[in-house]
Amino acid sequence: MATFFGEILPVTSRAVDLDEDEDDEEALPIQCEPILHWSKRMRAELEKTSDKKVPCSNFVMAIGLEANAFTEIYVKQFNYERVGGIFTSLGDEDQLTLSNASPTDKTCYIWRCHSNPSILVCQCNRHVSADQSFQWAQLLVDNIELSTAYIAVLTASDTGGYCSEVPSSDLDTPFLRALKTEKFMASPVCKILEQPNMLTGLPAQLMSFFQVLRYKAVIYVCFKENKYVDILDVKAFMSILNVTPIKDITEPNKNAEQMLRDIMELHAVNDTLYM
Amino acid sequence: MFRNQYDNDVTVWSPQGRIHQLEYAMEAVKQGSACVGLKSKTHAILIALKRAPSELSAHQKKILPIDDHVAVSIAGLTADARLLCNFMRNECLNSRWAYNKPLPISRLVSMVGSKSQIPTQRYGRRPFGVGLLVAGYDALGPHIYQTCPSANYYDCKAMAIGARSQSARTYLEKHLDVFLDCSLEELAKHGLRALRDTLPSEVDLTSKNCSIGIACKDKKFAILDDEDVSPYLALIEGEERSSRPQAEEAGQAMEADDAGTAGSSTDPVPADPQVVDEGMDQ
């Protein structure tokens with residue numbers, strides 16, 4: 001800044017106070033390379049296979065709280081066992097073992113159906129950063145035989161990033177949109193995601209992998225308004241239960257209502273930013 | 001809404017004459033849980049939905065007292081709401097000190113509007129991310145006012161704000177003509193029904209998730225929680241709820257058959273590509 005007398009003075013930013021952070025250099029790295037860890041029993045089974053890959057006919061991938069809640073209540077109906085997990089972070093709230101201590105822990109576990117071991121459900125409710133997502137997806141396809149499987153990815157996104165001719169305040173939320181790979185020949189149960197909307201992050205990375213590897217995959221995205229987990233946002237995925245082959249591996253859950261309420265309460269308690 | 005180059009700052013106009021930061025701030029109100037305000041000739045009431053309380057901490061109040069004759073219900077950023085409430089309390093105190101009279105509600109709301117406008121026109125500030133429903137009783141009778149992050153305020157016959165509040169507004173619009181002549185119990189019933197319409201079918205109004213505030217003549221503003229709400233909830237117990245309109249997607253759902261029926265279904269046709277510019281926001 002030049003003064004009236006022609007001096008040049010440094011100008012401090014009005015917008016942001018830049019505090020010196022002396023601890024930066026000593027901070028431990030939180031992120032690490034993704035690691036897939038199988039349970040002891042699964043490792044023993046894989047030893048007997050030729051390609052060390054878990055066989056799979058149906059793979060349901062849930063990313064985010066809403067999709068996790070949906071798969072927990074409506075998909076994992078028969079007896080499921082936890083067979084593996086993918087770990088990406090060393091943060092305080094990240095679980096590093098196959099047993100989570102709290103229902104709100106940030107986890108990514110792979111579950112297998114007891115009665116039909118070729119059905120796998122992966123529930124991921126931790127954030128996977130953009131630079132980890134490639135390795136994350138690579139781990140998945142390297143360790144699970146998905147070439148002939150039906151793959152469904154469920155995730156949610158905010159309407160804030162959704163482009164449409166209708167003003168966002170007039171959108172009837174929540175609503176589903178889908179994208180699919182070329183090999184997926186059937187029609188999804190909802191409209192295809194319109195241009196110029198696009199997916200980003202882990203869901204996009206997974207679908208890119210499945211498209212390049214020519215797998216049969218569909219992704220369903222629930223566009224929601226609320227920051228918080230809401231019953232209606234979870235139930236937006238319900239139409240997927242009418243779809244083969246998912247309808248053949250699930251059955252109605254009599255306790256669905258109570259489970260929905262419990263999950264909402266669990267997460268609502270910790271969200272106090274907005275009232 | 002779509003990100004564009006004119007939405008980084010509240011002091012930036014878009015070529016269409018819009019300030020996007022203000023519009024984004026209005027969305028913050030929808031992150032809060034719903035609250036309903038309505039009035040008759042004799043009463044003004046607020047009915048608010050509370051979030052589940054933590055067992056480890058005192059739960060946050062949704063209806064906050066301002067003065068003996070006025071209270072607010074909030075939806076949005078909790079901290080911004082606290083700041084505005086403190087401001088309102090201060091103004092009411094000053095009025096009582098200076099004039100020995102309660103501050104008229106319209107004047108109080110006007111002051112909130114003026115205060116809220118300042119950060120919408122200053123570089124380095126941001127709009128308040130909270131909406132208020134102000135209910136009170138003064139010399140001119142019962143009042144319901146709504147304030148927004150845009151610094152606008154509205155004198156209302158009835159209003160609902162917060163998450164899924166459109167369902168409540170629809171109910172209020174349908175029954176608007178009867179509110180003026182309602183008794184307190186009838187008014188509370190309408191308010192509770194309107195609030196219940198914002199809830200999914202799996203959740204119902206209970207004494208734990210509901211707060212009621214009542215303003216009337218010659219009585220201090222009453223805020224009811226927990227057991228005190230039960231008598232009013234009993235008034236609508238057993239009533240059928242309005243049916244929620246079915247989502248458009250379910251009606252248009254196509255059966256997806258993946259059991260090797262290649263070629264039997266048509267490829268989906270994406271929408272025509274949209275030019276990404278300001279026109280998208282219209």
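Which residues does B:Cys210 touch, not counting residues up to four places away in sequence? I started my notes with that. The model is predicted, and I kept that in mind throughout.

**Entry 1: B:Cys210**

I located B:Cys210 in strand β9 of chain B. I then listed what B:Cys210 touches, leaving out residues up to four places away in sequence. The list runs B:Ile47, B:Ala48, B:Lys50, B:Leu192, B:Leu195, B:Leu205, B:Leu224, B:Asp225 and B:Val229. I looked up the accessibility next. B:Cys210 has a relative accessible area of 0%. Buried means under 20%, so B:Cys210 counts as buried. I also took one distance. B:Cys210 and B:Ala160 are 14 Å apart, C-alpha to C-alpha, and 50 residues apart in sequence.

**Entry 2: the sheet around β9(B)**

I traced the sheet that holds β9 of chain B. The sheet is open and has five strands, in the order β8-β1-β2-β9-β10. The pairing in this chain B sheet is antiparallel. At the edges I found β8 (158-161) and β10 (222-224) of chain B, each pairing on one side only. On average, neighbouring strands of this sheet are turned by 10° against each other, direction ignored.

I then checked one pair in detail. Strand β9 of chain B spans residues 210-216, and three bridges pair it with β10(B) in the antiparallel sense. Across from B:Ala222 in β10(B) I found B:Ile214. For reference, strands of a sheet pair through backbone hydrogen bonds.

Which helix lies across β1, β2 and β9 of chain B? I found α6 of chain B, residues 184-196, there. Helix α6 of chain B runs at about 30° to β2(B). The strands β1 and β2 of chain B cover 35-39 and 43-49.

**Entry 3: β4 of chain B**

Is strand β4 of chain B enclosed or open? I counted buried residues in β4 of chain B, residues 70-76. Seven of the seven are buried, so the strand is largely enclosed by the rest of the structure.

I went on to the partners of β4(B). Strand β3 of chain B, residues 63-67, pairs with β4(B) over four bridges, antiparallel. Two residues lie between β3(B) and β4(B), which form a hairpin. I noted one bridge here: B:Pro65 has B:Ala71 in β4(B) as its partner. β4(B) also pairs with strand β5 of chain B, residues 130-138. That pairing is antiparallel as well, over seven bridges. I recorded B:Val130 in β5(B) as the bridge partner of B:Gly76.

**Entry 4: chain A overview**

I turned to chain A. Its secondary structure comes to seven helices and 10 strands. Of the 275 residues in chain A, 52% are buried. I also looked at contact range. Among the contacts in chain A with a separation of 6 or more, 76% are between residues 24 or more positions apart.

**Entry 5: α3(A) against α4(A)**

How do α3 and α4 of chain A pack? Helix α3 covers residues 130-143 of chain A, and helix α4 covers residues 201-212. I read an angle of about 45° and axes 9 Å apart. That makes α3(A) oblique to α4(A). The crossing of the two is right-handed.

I listed the residues in contact. From α3(A) come A:Ser133, A:Phe134, A:Trp136, A:Ala137, A:Gln138, A:Leu140 and A:Val141. They meet A:Leu202, A:Gln205, A:Leu206, A:Phe209 and A:Phe210 in α4(A). By class I got nine nonpolar, three polar and no charged residues.

**Entry 6: α2(A) against α7(A)**

I repeated the check on α2 of chain A, residues 65-75, and α7 of chain A, residues 256-268. They pack at about 150° with their axes 10 Å apart. That makes α2(A) roughly antiparallel to α7(A), because the angle is over 145 degrees. I noted a right-handed crossing for this pair.

A:Leu65, A:Ala69, A:Glu72, A:Ile73 and A:Tyr74 are the α2(A) residues in this contact. On α7(A) they meet A:Ala256, A:Met259, A:Leu260, A:Ile263 and A:His267. The contact has eight nonpolar, one polar and one charged residues.

**Entry 7: β4 of chain A**

How many residues of strand β4 of chain A are buried? I found nine of its 10 residues buried, and the strand, residues 80-89, is mostly covered. β4(A) runs antiparallel to strand β5 of chain A, residues 108-113, with five bridges joining them.

Note on methods
Residues are numbered from 1 along each chain as its sequence is written. Chains are lettered from A and ligands numbered from 1 in the order in which they are written. This is a predicted model: local features need pLDDT of at least 70, side-chain atom pairs count only at pLDDT 80 or more; totals for chains, interfaces and linings use all residues. Side-chain values use heavy atoms; hydrogens and water are left out. Two strands pair if DSSP finds at least two bridges between them. Axes are lines fitted to C-alpha atoms, for helices over the stretch in contact, and angles run from 0 to 180 degrees between N-to-C directions. Contact means heavy atoms within 4.5 Å. Angles under 35 degrees count as roughly parallel, over 145 as roughly antiparallel, 65 to 115 as roughly perpendicular and the rest as oblique. A crossing is left-handed if the near helix is turned anticlockwise from the far one by less than a right angle, and right-handed if clockwise. Ala, Val, Leu, Ile, Met, Phe, Trp, Tyr, Cys and Pro count as nonpolar, Asp, Glu, Lys and Arg as charged, and the others, Gly among them, as polar. Buried means under 20% relative accessible area, exposed over 50%, partly exposed in between (1.4 Å probe, protein chains only).
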